[in-house]
Amino acid sequence: MIDLAFKNVKREKSRTFLTVLGIVIGIGVIVALGSFAEGINVFFQSTLEFSAGKVTVQQRGAGGFQTGFSGSDITDEQVEAIKMLDGVKEVVPVNMYIEAGGIGFDIQMIVVGLDPSNSNVFVGDDIGLYSGRELEPGDSGYIVVGKDFADSRGLVIGDTVTLKDTGFEVIGIIEKSNNANVDSSAMITMSDMQDLLDTESYSLLYVIPEDIRDVETIADRIEDEDDSLSATTNKDFARTATDVVNRIRMFMFAMGGIAAVIGGLGVLNTMVMSVLERRKEIGVMKAIGATNYNVLFQILSESLIISLLGGVIGVLVGQIGAFVLVVVTEGAIPATVTPGLAATGILFAMALGAIGGIYPAWQAARVDPVQALRYE
Amino acid sequence: MAKSRKCDAKGCTIEVKGVNKYYNKGLQSEVHVLKDVNVCFDKGSFVSIMGPSGSGKTTLLDIIGCLLKPTSGTVYLDGIDTSKLSDNQLATIRGKTIGFIFQQYNLVNSFTALENVELAMRINGKPKNEARKRATKLLDLVGLSHRVNNRPTQMSGGEQQRVAIARALSNEPKVILGDEPTGNLDTKTGGKILDLLKRLNKEEGYTIINVTHDPEVGKIADKVIHIRDGMITGKR
C-alpha cells in the first residue's frame with residue numbers, strides 16, 4: 001500500500017512541492033546552523049587539546065589568540081620569576097603577531113616565534129612534518145608553515161614568505177593536524193621574531209607543570225606571584241567554551257526549530273486539505289474493505305513521505321550551507337554536518353510529518369463511508 | 001468473529017432478521033427508516049429491492065452491506081451475526097464478502113481503470129502482481145480490455161460502471177450489492193449493464209441484490225422485494 005501513498009503524494013505536485021519546500025527550509029536551517037555550532041565546538045575542542053596540560057600566561061587585559069595576544073608584553077624577569085615557582089617544569093616563551101588582517105575568525109596570518117627546541121609545545125608531540133625539516137636552534141631566515149597556511153598560498157619548500165619586508169625561506173610544512181591554531185600558523189625562531197618585532201619581550205608563555213594534575217595550582221601561583229599576568233588553563237577555557245557553544249547551539253536550534261515547526265504546519269495544512277478533498281475517495285476505500293487502521297496508515301504514510309523527502313533534501317541543503325560557512329570564514333569555522341546532525345535533521349522532519357499527519361489521518365479514519373458516498 | 005448461524009431457508013446467503021433503523025433516535029428529528037424488516041436472500045439469486053424515494057431501500061442495502069449498523073435486529077451474512085462485529089471487522093467483511101456497485105460509480109479519478117480495480121484487492125492484502133493480473137482479467141470480462149490505462153474522466157458513464165463492476169468482482173465476493181447501478185445511464189447503456197449483471201448471476205453464480213425504483217430493472221430479477229415507509233410490503 002506504500003506505493004499508493006507515493007502515488008497520492010505525486011497527485012498534487014505543486015502542493016507537495018511547496019510543502020516539501022517548507023520542510024527543506026526548516027531542516028536546512030537547523031542543519032546549517034547546527035553545523036556552525038558543531039564547527040565552533042570543533043574549533044574550541046582543538047584549542048582545548050592545544051592548551052591541555054599547560055598554563056597559558058599573558059599580560060592581563062591583552063588580546064587573545066585571534067589577535068596574536070596583542071598588547072601582551074612579558075619580560076625576561078617575569079619569565080625567570082615563574083621558573084622559580086614550585087612545581088614548574090618548564091617555561092616556553094612565545095611571540096605572536098598578526099601579519100595582516102587577523103580580525104574575527106581570520107587566524108590564517110598568525111606568525112609564531114619560539115625556541116625551535118620547544119616547538120612541540122606549540123605543535124604537539126604527535127604531529128610530524130608533511131615535507132621539509134623542522135626549525136633548528138641557530139636557524140635564521142627560515143620559516144616552517146602549517147598545511148592550511150601553505151595550501152592557501154600555494155607554498156612549497158624553498159619558496160619565500162615575506163614578513164614585514166623580510167624574506168623567509170620555507171624549509172618545512174607541518175602535516176595537517178586538524179588544529180586550526182597549528183594548521184593556519186607559521187613558525188620562525190624566537191631570535192628572528194624579536195628582530196622582526198624589534199622587541200626583547202614575549203607575548204605569551206606556556207608553563208609546563210611537573211605534574212600535569214597541578215595545572216590549576218600553578219596557574220593560581222603565577223597570578224599570586226605577579227598580578228599583572230593572567231594565567232589560564234584549559235579547564236577555564238573548557239568552562240567558557242562549553243558555555244558559549246551551548247548558548248550558540250540553543251540559539252541556533254531555537255531558530256531552526258521555529259523554521260521547521262512552520263514547515264510542519266505546512267504538512268498539517270496540506271494533509272488536512274487533502275483529507276477534506278478526498279472524503280469521498282476515503283469513503284469508497286472504506287466501503288470496499290479498508291479498515292480505520294488502513295486509512296490512518298495511508299494518510300500518515302503520505303505525510304511521512306512528504307516530511308522524509310523534505311528532511312533528506314533539507315540535510316543536503318544544510319550541507320551546502322555548512323560548506324558556504326566554511327568558505328566565508330576561510331576555514332576558521334570548520335562547519336561540519338556530522339552523521340548525528342544529519343540524523344537529527346531527518347528524524348526531526350519525520351517527527352514533524354508524524355505530528356502534522358496524525359490529526360488529518362485520524363480525521364480520515366473517522367470518515368463515515370455512508371455519509372461520504374451519499375453526500376460528498 | 002461472531003457465532004455462526006444457519007439460515008432457515010436452504011442455501012440462504014443473507015438473512016435480515018427484525019431489523020429496525022432509526023436516524024436521530026431520541027431527538028425531535030427522529031426518523032424510523034426501517035421497521036422490523038425480515039427477509040432472506042438465497043445464494044445465487046438475483047433480487048431487486050424496489051420502492052419509491054425515501055422508502056428505506058438504500059438504508060436496507062447499506063445495512064446488508066455492513067456499511068450501516070441496524071438500531072436493533074441483526075443481519076446474518078453467510079451465517080455470521082454482523083451486529084456483533086466491530087467497525088474494523090465489518091470493513092474486513094465488506095472487503096472479502098461484498099462487492100459494491102454505486103449509482104455514481106465512485107471510482108478514484110486519479111487512478112486508471114486498472115488501478116481502480118487493483119485498489120480493492122490491494123486493500124484486502126493481495127500482492128501487487130497478483131492484483132494486477134486479476135484486474136486485467138476482470139476488465140477483459142466486462143469488455144474493457146482496451147481501456148485499462150484510461151482514467152475515469154476519459155471514459156463514458158457506461159464504461160465507468162463496468163470498471164465499478166470489475167472492482168466489485170475483484171475480491172471474489174459472495175454477494176454483489178447494486179445501488180441504482182443504472183440510475184445515471186441512458187436506457188441503452190443501462191440495459192447493457194443489466195445484461196452484464198444478469199450474465200454474472202447466471203454464468204458465474206454471483207448473488208446480486210439490486211436496489212432500484214425502475215420497474216423495468218425489477219423485471220429481470222428472479223425475486224422482487226417491495227418496500228414502502230420502511231416496511232416490506234410485498235415479494236414476488
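The model described here is predicted, and for the complex the predictor gives an ipTM of 0.86 and a pTM of 0.69.

Confidence was examined chain by chain. The mean pLDDT of chain A is 83, with 91% of its residues reaching 70 or more, although over residues 101–107 of chain A the pLDDT is below 50, a stretch that has 17 contacts in the model beyond near neighbours in sequence. In chain B the average pLDDT is 86, and 94% of the residues score at least 70; here the pLDDT stays under 50 over residues 1–10, for which the model has 18 contacts beyond four places in sequence. Where pLDDT is low, the predicted coordinates should not be read in detail.

Chain A contains 13 helices and 10 strands. Of its 376 residues, 45% count as buried, and among the contacts in chain A with a separation of 6 or more, 81% are accounted for by residues 24 or more positions apart. Strand β5 (residues 142–145) of chain A is covered on both faces, with A:Tyr142 and A:Val144 buried on one side and A:Ile143 and A:Val145 buried on the other. This strand, β5(A), pairs in the parallel sense with strand β7 (residues 166–174) of chain A over 4 bridges, and within β7(A) the bridge partner of A:Tyr142 is A:Glu169. With strand β8 (residues 186–189) of chain A, by contrast, β5(A) pairs in the antiparallel sense over 2 bridges, A:Ala186 of β8(A) being the bridge partner of A:Val145.

The contact between the chains takes 18 residues from chain A and 20 residues from chain B. On the side of chain A that touches chain B, the elements giving two or more residues are α1 (2–11), α10 (279–287), α11 (292–328) and α13 (369–375) of chain A, and the largest share, 5 residues, comes from α10(A). By class, this side of chain A has 11 nonpolar, 4 polar and 3 charged residues.

In soluble globular proteins, nonpolar side chains tend to be buried together. The largest nonpolar core of the model has 121 residues, of which A:Ile27, A:Ala364, B:Ile49, B:Ile64, B:Val117, B:Leu139 and B:Ile209 touch the most other members. Helix α2 (residues 13–50) of chain A contributes the largest share of this core, 14 residues. A second, separate core of 44 residues includes A:Phe122, A:Ile173, A:Val182 and A:Ala231. When residues up to four places away in sequence are not counted, A:Ala364 touches A:Val275, A:Ile282, A:Val295, A:Leu296 and A:Ile299.

In chain B, an open sheet of 6 strands has the order β6-β7-β8-β3-β9-β10, with mixed pairing. Because β6 (98–102) and β10 (231–235) of chain B stand at the edges with a single partner strand each, one side of each is left without a neighbour in the sheet. The twist from one strand to the next averages 20°. Strand β7 (residues 175–179) and strand β8 (residues 207–212) of chain B pair in the parallel sense over 5 bridges, and in β8(B) the bridge partner of B:Asp179 is B:Val211.

Leaving aside neighbours within four places in sequence, B:Leu61 is in contact with B:Ile49, B:Leu177, B:Asp179, B:Ile209 and B:Val211. The C-alpha atoms of B:Leu61 and B:Leu177 are separated by 7.2 Å, although the two residues are 116 residues apart along the chain. B:Leu61 counts as buried because it has 20 C-beta neighbours inside 10 Å, the cut-off for burial being 20 or more.

B:Asp36, found in strand β2 (residues 31–42) of chain B, has a positive phi of about 45°, and with 13 C-beta neighbours inside 10 Å it counts as partly exposed. B:Glu180, which lies in the loop between β7 and α6 (187–204) of chain B, has a positive phi of about 50°; with 21 C-beta neighbours inside 10 Å, B:Glu180 counts as buried.

Terms used. Residues are numbered from 1 along each chain as its sequence is written. Chains are lettered from A and ligands numbered from 1 in the order in which they are written. This is a predicted model: local features need pLDDT of at least 70, side-chain atom pairs count only at pLDDT 80 or more; totals for chains, interfaces and linings use all residues. Two residues are in contact if their C-beta atoms, placed from the backbone, lie within 7 Å. Ala, Val, Leu, Ile, Met, Phe, Trp, Tyr, Cys and Pro count as nonpolar, Asp, Glu, Lys and Arg as charged, and the others, Gly among them, as polar. A residue is buried if 20 or more other C-beta atoms lie within 10 Å of its own, exposed if 12 or fewer, and partly exposed in between; C-beta atoms are placed from the backbone. A nonpolar core is a set of buried Ala, Val, Leu, Ile, Met, Phe, Trp, Tyr and Cys residues joined through C-beta atoms within 7 Å. pLDDT is the predictor's confidence in each residue, from 0 to 100. Two strands pair if DSSP finds at least two bridges between them. Axes are lines fitted to C-alpha atoms, for helices over the stretch in contact, and angles run from 0 to 180 degrees between N-to-C directions.
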